[in-house]
Amino acid sequence: MIKIEKRNDVSRSIYLLTPVLAIFLTLFGGGIIFYILGFNPIEALKFFFITPISDLYGLSELLVKATPLCLIAIGLSFCFKSNNWNIGAEGQLIFGGIVGGGVALLLYNHNGFYVLPIIILSGAIGGMIFAIIPAILKTFFNTNEILVSLMLVYVAKLLLDYLVVGPWSNPEGFNFPETRQFSESARMPILFDGLRIHSGIFITLITVFLSWLILYKTYLGFQIKVSGLSLKTAKYAGYKGKTMIIIVFMISGACAGLAGVGEITGPIGQLHRNISPDYGFTAIIVAFLGRLNPVGIIFASLIVALTYLGAETAQIFLQVPKYTGQVFQGMILFFLLGSDYLLFFKIKFLGLKKNEL
Amino acid sequence: MYKLFLRSLISVLFLLGFSINANADFKVGFVYVGPTGDHGWTYQHDEGRKAVEAAGIKTTYVESVPEGADAERVIRQLAQSGHDLIFTTSFGYMDPTNKVAKDFPNVKFEHATGYKREHSNVSTYSARFYEGRTLLGHMAGKMTKTNTIGYIASFPIPEVIRGINAMTLAAQKVNPDIKTKIVWVFTWYDPGKESEAAQALIDQGADVIMQHTDSTAPVQVAEKAGVWSFGQASDMQRFAPKSILTSIIDDWAPYYVERSIAARDGTWKQQDTWHGLKEGMVAMAPYNSAMGSDLVKEVEQLQKDLASGKAHSFTGPIYDQKGNILVAEGAVADDGMLAGMNVYVKGVEGDIPQ
């Protein structure tokens with residue numbers, strides 16, 4: 001018979017090392033899959049993880065891809081740390097993009113230095129407003145925030161569809177479902193000629209720093225942590241639970257909105273139906289892989305971004321299906337959760353006792 | 001030790017770069033918007049790629065590339081990794097294709113269904129699918145008993161509206177009482193939405209269903225409901241053997257082979273291609289004998305006439321929904337009008353989503 005027992009002494013260093021272990025297990029598992037598919041596993045893994053970042057362009061692409069993931073995951077960490085399950089970052093990203101994009105179209109004929117900051121700010125506010133909805137419904141009407149935030153993703157998607165097909169579509173675009181290209185002053189400045197990495201990365205870095213400050217150096221951060229560890233304790237301590245729930249959702253939504261506006265003013269340059277390849281959902285993996293820790297999330301976003309790039313190069317050089325990338329993401333999460341389980345619980349194999357027979 | 005490691009790393013990278021450059025084989029890359037197994041749009045492009053491969057030219061493809069920020073990277077990677085000709089097979093790749101083309105003047109680019117050729121190494125190509133729609137309209141007009149034709153439409157772009165109009169005009173010619181009912185699904189590929197749309201149209205009395213979307217779901221719904229249907233992009237007959245009267249087939253293979261060989265031999269030139277039944281880019285699957293041999297003969301004749309230019313899908317008089325004349329009696333619509341078509345003809349129900 002098997003017995004599962006909680007471990008009382010989990011060392012912090014092991015706790016922080018398990019994501020690394022999960023990544024190595026993923027590499028190992030991935031190698032086996034490639035071997036079964038008939039490839040030399042080392043060679044295949046090299047195409048997957050090394051080739052995409054073997055030149056400057058690749059490194060820049062890695063950062064382009066990691067920027068929104070990191071930003072969203074940082075925001076989500078506020079929610080997740082305090083036991084608020086915001087699953088709808090994708091919707092908050094899209095709504096931020098809609099608001100930011102709307103402002104960009106409104107200011108189409110302006111070209112001052114003020115244009116971009118206004119767009120970015122309105123994108124953040126858009127995401128924030130969209131995240132307040134599940135927070136308010138949760139605090140005042142006891143709804144389940146997982147369901148509400150998830151369903152709002154579809155609301156945002158359909159709203160975007162409606163806008164780019166109808167009122168906001170490019171008047172010279174033959175009715176194709178996209179807006180016109182934003183003006184130059186509405187675009188994130190490119191950092192290096194010929195590369196796509198843009199100044200949005202600074203927004204991300206500043207956000208990471210501020211998050212660290214809030215989470216570890218302020219009273220709010222302490223409240224968030226305590227509520228995450230034990231809601232009852234938080235209540236005894238007299239923390240205003242409702243206000244905190246709304247604040248963490250606002251932070252999370254603002255981050256997702258920033259990510260959305262960064263995408264449309266950065267690499268995309270217009271609004272259309274596919275402004276995000278599900279960054280909001282992938283960021284959930286990133287947040288947990290990074291242990292909800294700002295620094296951890298930076299590394300996690302780079303690794304997950306690499307699985308996207310790797311899936312593309314593996315397609316080009318090995319002609320394996322695109323879904324290998326998703327398999328890798330799935331494996332990382334699987335091994336992380338699996339090792340976490342073994343970290344917090346131990347499995348005891350007991351012999352059968354007589355009276356049980 | 002550290003220096004040694006660094007040195008060997010640099011030399012490995014150098015060799016890697018060198019080996020890529022030395023590999024001067026001619027290669028063609030394809031970027032697909034969907035999975036190669038969609039049995040519609042992407043499936044047919046991949047059939048075209050296989051024909052290029054069969055002609056002795058190496059090919060690579062990348063499937064399910066989202067039309068957002070990722071497209072540019074994928075196209076660039078193909079250009080960077082030694083592909084000499086790159087086909088980007090969805091409208092959403094238009095701007096990324098032109099952007100990458102600017103940075104790789106020695107690589108040729110072919111973008112499907114777009115209208116931007118900003119650099120001399122970008123060509124565009126598309127097919128006159130509306131000629132196939134004319135044949136579908138003729139059959140639908142003859143086969144319907146309820147005088148209602150159901151049409152599952154994707155996006156209100158000129159290409160789709162052109163198809164709706166061509167079909168309606170042809171159906172009216174053989175059956176003046178015909179009505180075209182449309183459901184917009186705002187997707188190219190979503191089996192769930194497409195089958196719901198098909199069911200809704202059947203519930204509204206349509207006994208012929210056709211689609212401008214790529215999955216096989218609508219024909220399967222039609223098969224179950226016992227109404228007629230038409231396949232899209234590839235021959236979908238095996239998914240609904242009783243219901244399907246024919247399929248419009250996108251045959252990209254001859255074009256892909258021709259352009260690949262031209263690029264390899266250095267005779268590739270920028271052009272805007274719009275081929276139809278005549279050149280074979282639009283082809284028809286075998287006609288279902290259930291519609292009777294007389295009708296099959298009629299449609300075959302019409303197909304020949306469209307191919308030879310004796311008949312044209314948009315021959316006047318053509319009126320819009322309000323009764324204003326669009327094309328005068330005896331005249332035919334020119335390509336400019338077809339390319340920008342954004343109004344319904346008389347007999348189509350509802351409004352174009354704006």
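**Figure 1. Strands S4 and S5 of chain B, side by side in a predicted model.** In this predicted model, strand S4 (residues 108-112) and strand S5 (residues 122-127) of chain B pair in the parallel sense, and four bridges join them. As a reminder, strands of a sheet pair through backbone hydrogen bonds, either parallel or antiparallel.

**Figure 2. The parallel sheet of chain B.** Now take in the whole sheet that S4(B) and S5(B) belong to: six strands in the order S2-S1-S3-S4-S5-S11, forming an open sheet with parallel pairing. Which strands sit at the edges? They are S2 and strand S11 (272-275) of chain B, and each pairs on one side only. Going from one strand to the next, the twist averages 20 degrees.

**Figure 3. The mixed sheet of chain B.** Here six strands of chain B form an open sheet in the order S7-S6-S8-S9-S10-S12, and the pairing is mixed.

Figure 4. Strand S10 (residues 244-250) of chain B pairs with S12(B) in the antiparallel sense, over three bridges. One pair to find is B:Ile249 with its bridge partner in S12(B), B:Ala283. Helix H8 (residues 217-225) of chain B packs on the sheet and touches strand S6 (148-153), strand S8 (208-211), strand S9 (228-233) and S10 of chain B. The direction of H8(B) makes about 165 degrees with that of S9(B).

**Figure 5. Where chain B meets chain A.** How many residues of chain B are in contact with chain A? There are 27, and they touch 21 residues of chain A. On the chain B side, the elements giving two or more residues are strand S2 (58-62) and helix H3 (69-80). H3(B) gives the most, with seven residues. Sorted by class, this side of chain B has 13 nonpolar, nine polar and five charged residues.

**Figure 6. The buried face of helix H8 in chain A.** Let's hop over to chain A, where helix H8 (residues 219-229) has A:Gln223, A:Ile224 and A:Ser227 buried. Seen down the axis of H8(A), the buried residues fall within an arc of 100 degrees, so they line one face of the helix. An α-helix has 3.6 residues a turn, so residues three or four places apart point the same way. What do the buried residues of H8(A) pack against? Their neighbours are helix H3 (56-81), helix H7 (200-217), helix H9 (231-236) and helix H10 (241-268) of chain A.

How values were computed: Residues are numbered from 1 along each chain as its sequence is written. Chains are lettered from A and ligands numbered from 1 in the order in which they are written. This is a predicted model: local features need pLDDT of at least 70, side-chain atom pairs count only at pLDDT 80 or more; totals for chains, interfaces and linings use all residues. Two residues are in contact if their C-beta atoms, placed from the backbone, lie within 7 Å. Ala, Val, Leu, Ile, Met, Phe, Trp, Tyr, Cys and Pro count as nonpolar, Asp, Glu, Lys and Arg as charged, and the others, Gly among them, as polar. Two strands pair if DSSP finds at least two bridges between them. Axes are lines fitted to C-alpha atoms, for helices over the stretch in contact, and angles run from 0 to 180 degrees between N-to-C directions. A residue is buried if 20 or more other C-beta atoms lie within 10 Å of its own, exposed if 12 or fewer, and partly exposed in between; C-beta atoms are placed from the backbone. The arc is that of the directions from the helix axis to the C-beta atoms.
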